[in-house]
Amino acid sequence: MNINITTKIWIYTILIIVVGLVALYSASYNNVRVEQKVFYDQLYFSMFGLGLLFLVSKIDYRKFYDIAYALYFLNLFLLLIVLFSSRHILGARRWLELGIINFQPSELAKLSLILVLARYLCNVRPVVKFDILSRAQKIFREILFPLLFTALYMIFIFKQPDLGTALLIFGIFFVMLYISNLEIKYVFSLLIIFASFLPFVWHILKPYQKDRLLVFLNPNIDPLGAGYTIIQSKIAVGSGQLLGKGWLSGTQNQLNFLPERHTDFIFSVIGEEWGLVGTLIVLYCFFCLIYNLISVVQKTKDRFGVLAGVGIIAILSLQVVINIGMVIGMFPIVGITLPFISYGRSSFLVFIIAIGFILSLSKRRSFF
Amino acid sequence: MRIKIIKIFITILFLIIAFNLAYVQGMRGKYYHKLSVFNRIRVVPLEAPRGNISDRNNVLLTDNRVVYNVMVVPQEIKNKEKLFSFLSEALQIDKKKLVQTYNNKKSSQFTPIVLAEDVNRGLLIKVEEEKYRFPGLLIQESFKRQYLLGANSAHVLGYVAKVNKSKLEKLKEYGYSPASNVGYSGVEEYYDKYLRGEEGGVQIEINSRGQQVRLLGLKEPVKGKNIQLTIDSSLQQVISESLSEITGSVIIMDTDTGEILGLENYPSFDPNIFIESQYKEEMVRVLNDLRSPLLNRAIKGVYPPGSVFKVPVAVAALESKKITENTTYLCEGFLEIGGTRFGCTHVHGNQDLFQAIANSCNIYFYRLGLNVGADIISHYAKIMTLGQLTNIDLPYEAQGFIPNRQQKLFNKKKWYSGDTLNMSIGQGDVLVTPLQLVRMMAIIANQGFVVQPHLIKSISQKDADYNKSKRRVAVSQKTFDLIKKGLRRTVQDLSGTAHVLDLPDLYVAGKTGTAQAGEAKESHSWFVGYVDSKKKNITIGVFLEHGGSSQNACLVARQILMRMQEMQIL
């Protein structure tokens, strides 16, 4: 049974990667704006990634426990460097340039935060007394301190500016707090407090971020700018209908209607060329992968493993849901990738390690 | 337990996504399919008119003329042969030429291609009448820049043209496309981001005959911001008239605020030649003119300042306490250094500082220069902001050059006494722009306060708040008092080199310069001074390229000042 789940995780991961490669091939096929190089780049990197996945799955996941704090502060440092040194790419500073390898610390930040929160939360001793002082202590220990970890990352990522990832990171924090068995009343008060802050957030948004949100509410506001992407992406996905137009024959895709179709909008290529059947299959693959990951975590007894595992599952599910939702116009356009399918090494690498972590979890759980 | 809840939650989220996919691809699929397969979406950019430019008295200097362009959308064309035959006949353009334009400009199926710009109304009616027969044929409104006063203020204004490749690379991030117009030189370039409007566009769904079925989206173009300049177009006219056929430039600046009231050069050009196709020959002529009419000499030309440079030399001497106002040097008409004879215009005899400035005695300044030394002179020239950008709001300002010993030594060349002598009278390697000298003179008139020369008065009615920064140069008040006395005597004294400028009811002070410029060529002629009057305090700089004696510059200045009195500006 144990081996069975691991094998299933392997199979679904590979399936999703292959789907991504096939879609990317089409997105870069005979295309002026997206070079064919992108495909081969991702192909080689996928092979490397699978090797890495194998290695990570062999590592004792407790090693991640040991390096959690070091990784957190290293990542914080990288985020700072990015903010102060790097070039703007597409209007934002997200990349760290290390010679040939360009790297996005905000992608790694998701994993670093999950690990650090898992380590911190698994060590918090429950407070037994119920006077005011101990309640304050509890709030400080179990909510404010983890919030501080999260907020530091959020601020720097928000400054890049990358609103999507910043909010996603808050999502991780929230889910992990929930799973740490904090009383429900605290969890919900926190959510309410956060929601009441949103109007203030509006004021510090960059004009293009406001545009994107407004356009999401009404795509016709700016049909040539941000609204254009939403409209075109919807047309692409919708026009695939039931069976799709066939591989390499998506007109929207091939006629260069869609910007960023190899990264954040890769799903529109799938939607257009493979139709509803294709999109549902892809969605199903993700669901099965996530389902199996949950099974592993459910059988884990170790608190650190559970916390980190749920964090990883949360980020994976949220990214899939948000990315697809964005492509079909359910959510505003935010820079969130589709795991394993969108072109981009940083995101790919982070998810490989994340899956590797859970694979490693599945192997060791019997020791407890 | 809580993991289970999360599991259920994730399942619900995935189901919602699945239902939405089913809705978009299944239920609405046909609609989107139609939109995509027949490419029934037409995106037509709507051009935004550029902001207008007016002078300080609200006289309009530019305007936008509405013109009509004939365009075609490649994906909608049914019968290309027929369409082009019709257009060739209707527009009276050779068919081959039309096809060629079409092929050159075609970039994608859905982007409209402009086949003929600024089509005249008569021909346009013909196209309009038959338009329905040819799907994909469009007529669209566009704007053309007009410069209402022709060559007046051309160098200040600059002109507008299609963005070129190298510029586009830089401006791409700011939303410029290959079809965008962009300012070239002058205010049109410097304030382009304000002047240019925000391009709009429509995205419409059309049927197979090219008729609009529904509006998918509309973004109204936004007109650029109007800007008002500090220049006075009637004064500009006066300056152009006094400069007629004399190569050179004149700058008139408000001494107190740094507002540029007038800035003209000769030769100049009419910016309209870059806009209207009928002036193509004129444009070619201007571009090939050896006198370079496109050059804004006032800020881009660097020239030796000649005797005008004696002013910073005197500042250096007084500040370094090498002389007092009573120190005299004897002028015998020449000075021999190392076997070379350096001459003066006259035999001036014993000269004190005021006389030396008024008479522009070279010998006095040679001796002074040797006394003070090259290092201190170049130091004070820089303090007086020479050889530095004035940061006026015009692009491509030249910096000029103030020689100094270290740099020459650095280039492995020796610094001779002769170099110091040349520098003392503003010759040799000293190079400045006319505007730099004007600003230097304004600093003196202002007793050390540095004003920022600028051309912008307001942007969409909002005053451009040019920081009246109270930066002062590190020179004592006494020095300014003495220098000003000398500059006043240049005009007041009967023997003063600018005595022609001793006008009734005006306090004029300044310094002349005759700068040698090459062996066989006439000298450059300079007058830079300041004028105090009840209405306005101004600083004026007149520079005549190879204009001969400085008297010529004084005469031009005199003519302009007298006209300014008539015009009630002074």
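In strand β4 of chain B, I113(B) is the bridge partner of V72(B), in a model that is predicted, where local features need pLDDT of at least 70, side-chain atom pairs count only at pLDDT 80 or more, and totals for chains, interfaces and linings use all residues. Residues are numbered from 1 along each chain as its sequence is written, while chains are lettered from A and ligands numbered from 1 in the order in which they are written. Helices (H or I, at least four residues) and strands (E, at least two) are DSSP runs numbered from the N terminus, and two strands pair if DSSP finds at least two bridges between them.

**Sheet of chain B**
- Strand β3 (residues 62-72) of chain B runs antiparallel to β4(B), and three bridges join them.
- The order β4-β3-β5 (chain B) describes an open sheet of three strands with antiparallel pairing, in which β4 (113-116) and β5 (137-147) are the edge strands, each pairing on one side only.

**Hairpin of chain B**
- Four bridges link β14 (residues 334-337) and β15 (residues 340-343) of chain B in the antiparallel sense, with F334(B) opposite G343(B).
- Two residues lie between the strands of this hairpin, where G338(B) takes a positive phi near 55°.

- Helix α11 (residues 266-299) of chain A packs against helix α1 (residues 2-27) of chain B at an angle of about 180°, with their axes 11 Å apart; axes are lines fitted to C-alpha atoms, for helices over the stretch in contact, and angles run from 0 to 180 degrees between N-to-C directions.
- That angle makes α11(A) roughly antiparallel to α1(B), a term for angles over 145 degrees.

Notes: Angles under 35 degrees count as roughly parallel, over 145 as roughly antiparallel, 65 to 115 as roughly perpendicular and the rest as oblique.
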